[in-house]
Amino acid sequence: MSDSDTANLEPASDFEAGQDNIQVMGLDVHNPVFFVSAIIIVGFVILTLMFGEASTAFFSWLRPALTDLFDWPLLMAGNIFVLFSLALIVTPLGRIRLGGVDASPDYTYMGWFAMLFAAGMGIGLMFFGVSEPLSHYASSIGGVVVENGVRTDWAPLAGAIGDPEGARLNAMAATIFHWGLHPWAIYAVVALALAFFSYNRGLPLTLRSAFYPLLGEKVWGWPGHVIDTLAVFATLFGLATSLGFGAEQAIAGLNFLFGIEITGTSKIVLILLVTAVALCSVVAGLDAGVKRLSEINMVLAFILLAFVMIAGPTVVIVTGVFENTVAYVKEIIPLSNPFGREDTNFMHGWTAFYWAWWISWSPFVGMFIARVSRGRTVREFVTCVILVPTAVSIIWMSTFGGAAIDQVIAHGNEAVKNSVQEVMLFEMLKSYPITQIASFVGIVLVIVFFVTSSDSGSLVIDTITAGGKVDAPVAQRVFWATFEGIVAIVLLIGGGLGALQAAAVATGVPFAALLLLMIWSTYKGLMEEHRMLKGK
């Protein structure tokens with residue numbers, strides 16, 4: 001922050017980042033957020049390992065129970081996030097600049113866009129880029145199935161039985177819906193709140209600061225401790241889910257290329273190795289670690305995207321980008337509707353889970369976006385955080401999903417459709433030249449996304465548990481990076497991907513309520529800023 005910016009800054013509170021911290025064994029941690037979070041997470045790990053079979057049964061029950069019970073609140077919350085974000089673009093509040101009227105951006109548009117996209121999706125794009133469109137296509141073309149008066153199929157909306165083109169558009173609309181405006185609006189809400197209250201109000205860069213207009217100085221007490229602790233759980237379990245997806249796909253790719261056996265042990269070894277690399281990145285620091293790896297990943301992702309576009313059905317992919325966008329716009333309201341739906345399997349198993357997962361990721365992604373967005377106006381911020389990554393997601397999904405569906409429709413490639421999710425990307429690449437090289441690039445992408453997610457996540461959790469300090473001792477980030485890997489391993493042992501998804505949903509549901517309160521708090525803060533600017 002420049003001198004001119006700090007001169008315009010009027011801190012909302014006398015509280016300073018880390019003022020309640022205690023120093024123990026070279027650590028600088030917030031009391032009680034660090035200790036409560038660490039003790040509960042360690043206890044969770046021990047209990048899950050001690051009661052293996054019971055844990056598996058519990059997690060198998062938990063995810064569908066939560067998504068069935070909280071389906072409409074999650075969908076309604078997602079819609080509110082989108083409407084609030086879009087409203088900020090067209091209202092006078094959009095003119096407010098993050099950091100004050102004299103603040104200037106720290107990054108160019110190109111660098112900023114790259115970081116926005118890399119922060120928000122990562123491993124998920126690699127895992128679901130082929131598998132989700134194919135899954136929706138298969139269920140859509142199968143049509144509606146009713147047994148004993150209950151719909152049992154997984155098709156989005158009404159499906160498109162026996163209609164390949166209709167099923168393709170239905171599948172792509174549903175996929176883009178899950179990776180478009182709604183998840184990015186969730187991230188935008190959190191990121192804007194953190195950026196505004198940190199840069200414009202001089203509050204610590206931690207989740208509790210976003211609730212200052214509602215709680216006042218009480219936010220530094222137990223209400224704030226609860227908020228930050230929930231943010232730690234949400235971030236940790238949301239990241240653990242992503243690490244689980246990454247481990248499943250990376251080991252599947254290694255089996256595809258090199259014949260490495262897919263076992264629970266091999267997945268655990270992979271997570272341990274990747275966590276070790278992430279620890280090296282943590283020690284190297286933000287610029288030498290996360291930034292450099294993110295830049296490598298962006299280049300590799302572009303190369304793989306370009307390869308599939310050129311080697312695959314180029315015309316189908318390019319026209320599909322426009323057709324899929326139209327289908328998405330056409331179906332976004334029916335897909336967003338939380339009431340009176342007949343496609344309950346799709347709504348519970350896909351949409352409700354996704355919204356809870358994105359919400360659990362929001363403290364991590366939101367804080368990262370906030371740290372790189374000082375100097376942008378609210379209008380510029382919201383427009384770029386929502387619309388630009390949505391456009392990139394449409395291109396990515398249309399390329400990988402469109403190419404895979406084309407293989408099924410035009411070439412009868414049943415192998416890619418019938419393979420397990422984590423193998424679908426590699427099965428699709430088998431139909432193109434230099435399969436081995438393309439698949440290897442895909443594996444490297446998954447692993448590097450794996451590393452950067454773990455590294456960035458540990459930075460965010462450490463900031464929260466250090467009371468908003470961004471320069472806490474490296475040993476604290478090492479602790480959290482280690483436990484992210486441990487939690488992912490324990491959940492894989494205690495129920496596989498289902499357990500990971502259940503943990504993400506369990507933390508995402510209560511955090512959704514906090515985000516709704518955050519919207520009101522952010523609105524109050526922006527209105528106060530708007531009145532102050534008008535009065536000058």
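Mentor: A helix here is a DSSP run of H or I with at least four residues, a strand is a run of E with at least two, and both are numbered from the N terminus. The model is predicted: local features need pLDDT of at least 70, side-chain atom pairs count only at pLDDT 80 or more, and totals for chains, interfaces and linings use all residues. Residues are numbered from 1 along each chain as its sequence is written, and side-chain values use heavy atoms, with hydrogens and water left out.

Trainee: How many aromatic pairs does the count come to?

Mentor: A pair of aromatic rings is described by the distance of the centres and the angle of the planes. Rings of Phe, Tyr and Trp (its six-membered ring) pair if their centres lie within 6.5 Å; planes under 30 degrees apart are stacked, over 60 edge-to-face, and the rest tilted. The count by this rule is 36 aromatic pairs. In one of these, the ring centres of Phe177 and Trp355 are 5.2 Å apart with planes at 45°, so the pair is tilted. Because Phe177 belongs to helix 7 (residues 164-179) and Trp355 to helix 14 (residues 344-371), the pair ties together parts 178 residues apart in sequence.

Trainee: Is Phe177 buried or exposed?

Mentor: Buried means under 20% relative accessible area, exposed over 50%, and partly exposed in between (1.4 Å probe, protein chains only). Phe177 has a relative accessible area of 1% and is buried; Trp355, at 1% relative accessibility, also counts as buried.

Trainee: How are the rings of Trp520 and Tyr523 arranged?

Mentor: Their centres are 5.7 Å apart and their planes at 25°, so this pair is stacked. An α-helix has 3.6 residues a turn, so residues three or four places apart point the same way. Trp520 and Tyr523 are 3 residues apart in helix 20 (residues 496-535), which separates them by about one helical turn. Trp520 is partly exposed at 47% relative accessibility, and Tyr523 is partly exposed at 33%.

Trainee: Which residues have the most contacts inside the largest nonpolar core?

Mentor: In soluble globular proteins, nonpolar side chains tend to be buried together. A nonpolar core is a set of buried Ala, Val, Leu, Ile, Met, Phe, Trp, Tyr and Cys residues joined through side-chain atoms within 4.5 Å. The largest one has 165 residues, and Leu207 and Met428 have the most contacts inside it. Helix 14 gives the most to this core, with 17 residues.
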